[in-house]
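Thanks for coming, everyone. I'll take you through some helix contacts and charged pairs. Here is the structure.

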Amino acid sequence: MNAAAPGKVILLGEHAVVYGQPALAAALTRSVGVSLEEGPAARLVLPDGMPTPEEILDGVVRIARAAGRRRGFVARVRSEIPLGGGLGSSAALGVALARAFCLDEGRACAPEEAERLALHLERVLHGAPSGVDPAICARGGVILFERPDLLTQGVPHPRPTASLAEGSDIPASRARIAPVRAPPFWLVVALTGLARGTRTTVLPLRDRRASEPRLYDPLLQRLGALTLLCRDALVQADVASVGACFDEAHALLQQLGVSCAELDDVVGKLKAAGAPGAKLTGAGGGGAAIAIARDEAQALALARSVPDAFVERVVP
Ligand code: PMV
């Protein structure tokens with residue numbers, strides 16, 4: 001049984017979404033695929049002979065059980081996106097596995113179910129994910145994603161009771177998810193080549209924010225406001241305004257302490273090459289950056305200005 005799911009970029013609102021602010025996410029045309037075979041035990045085969053960490057296998061087994069699988073299996077993974085590169089590889093893998101296991105049990109897998117099952121893998125890897133990654137990987141297109149239950153109200157955050165990380169069961173999604181209807185647009189996705197876990201920036205930011213909420217909360221709230229401005233600009237095909245949102249967001253993410261020299265360097269190169277706007281995407285600390293482009297020709301030129309990049313035509 002074969003199944004696949006797209007990778008993703010967060011256009012705006014990463015990190016802020018963990019604190020109840022809205023985020024915009026877009027599916028990529030590049031995907032993660034799984035081929036499922038019968039096997040005596042549970043086995044996950046990652047690409048290029050990569051070893052499978054125990055915690056990942058644990059998340060995969062949870063997805064299998066939740067999908068109704070009672071037999072062993074071999075799940076072979078192929079990926080068109082770098083693993084651990086901030087492009088949603090773990091969520092895409094979770095959604096692809098959910099689809100493959102459900103199909104193998106002879107039933108369809110609705111986006112809501114794929115998203116819910118994929119969270120089993122997300123939470124072993126990310127701790128307390130907002131859920132934006134599996135939501136976009138299961139739905140495709142462009143979405144506005146919000147967890148109002150995580151909104152900060154003067155309490156250290158994420159609130160333990162509101163986290164998706166606790167308990168053995170994944171609760172029904174508390175997210176508000178709306179597709180964004182906008183004309184297609186051009187993005188450049190630039191890779192730093194630095195793999196990193198989402199926890200490495202999310203958890204330190206949680207500690208910094210808990211000790212200085214008055215410093216961090218306005219930055220997180222501004223990212224939420226920019227997300228809505230960026231959504232409106234995309235709907236109006238206003239590339240210059242999308243770019244301005246990206247630029248301000250990157251500066252805010254720097255102030256939050258989640259960028260790094262490699263990301264700042266890539267963003268600087270994209271801007272110097274004429275990008276209307278550029279920013280890190282996802283958790284930061286490595287991974288990838290994105291730039292908006294006016295058209296395909298500009299996107300291709302921007303991609304040539306950095307060491308490792310590809311061009312995406314995003315179709316909301
Ligand atoms: O795993 P990444 O790089 O796509 O980052 C996820 C986005 C964060 O907002 C940083 C974390 C979350 O759970 O929403």
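Start with helix 1 and helix 3, residues 111–126. They pack at an angle of about 160°, and their axes are 8 Å apart. Axes here are lines fitted to C-alpha atoms, for helices over the stretch in contact, and angles run from 0 to 180 degrees between N-to-C directions. Helices are DSSP runs of H or I with at least four residues, strands are runs of E with at least two, and both are numbered from the N terminus. So helix 1 is roughly antiparallel to helix 3. On the wording: under 35 degrees is roughly parallel, over 145 roughly antiparallel, 65 to 115 roughly perpendicular, and the rest oblique. The crossing of helix 1 and helix 3 is right-handed.

Who makes the contact? From helix 1, it is Glu55, Ile56, Asp58, Gly59, Val60, Arg62, Ile63 and Ala66. From helix 3, it is Leu117, Ala118, His120, Leu121, Arg123, Val124 and Leu125. Contact means heavy atoms within 4.5 Å. By class, that is 9 nonpolar, 2 polar and 4 charged residues. Ala, Val, Leu, Ile, Met, Phe, Trp, Tyr, Cys and Pro count as nonpolar, Asp, Glu, Lys and Arg as charged, and the others, Gly among them, as polar.

A word on the source. This is a predicted model, where local features need pLDDT of at least 70 and side-chain atom pairs count only at pLDDT 80 or more, while totals for chains, interfaces and linings use all residues. Residues are numbered from 1 along each chain as its sequence is written, and side-chain values use heavy atoms, with hydrogens and water left out.

Now serine 90, which sits in helix 2. Is serine 90 buried or exposed? It counts as buried, at 14% relative accessibility. Buried means under 20% relative accessible area, exposed over 50%, partly exposed in between, with a 1.4 Å probe and protein chains only. Leave aside neighbours within four places in sequence, and serine 90 touches Leu121, Glu122, Leu125 and His126.

Next pair: helix 5, residues 199–211, and helix 6, residues 213–235. Their axes come within 6 Å and cross at roughly 120°. That makes helix 5 oblique to helix 6. Helix 5 brings Leu205, Arg208, Arg209, Ala210 and Ser211; helix 6 brings Pro213, Tyr216, Asp217 and Leu220.

On to charges. The whole structure has 18 salt bridges. A salt bridge is a side-chain nitrogen of Lys or Arg within 4 Å of a carboxyl oxygen of Asp or Glu.

One of them joins arginine 209 and aspartate 217, at 2.7 Å, N to O. Arginine 209 is buried, at 1% relative accessible area. Aspartate 217 is buried too, at 14%.

Another joins aspartate 104 and arginine 71, at 3.6 Å, N to O. Aspartate 104 is in helix 2, and arginine 71 is in the loop between helix 1 and strand 4, so the pair ties together parts that are 33 residues apart in sequence. Aspartate 104 is partly exposed at 24%. Arginine 71 is partly exposed at 38%.

Then arginine 231 with aspartate 232, closest N and O atoms 2.9 Å apart. Arginine 231 is partly exposed at 25%, and so is aspartate 232 at 33%. Elsewhere, salt bridges with shared partners link Glu38, Arg69, Arg71, Asp104 and Glu105 into one network.

Definitions and conventions: A crossing is left-handed if the near helix is turned anticlockwise from the far one by less than a right angle, and right-handed if clockwise.
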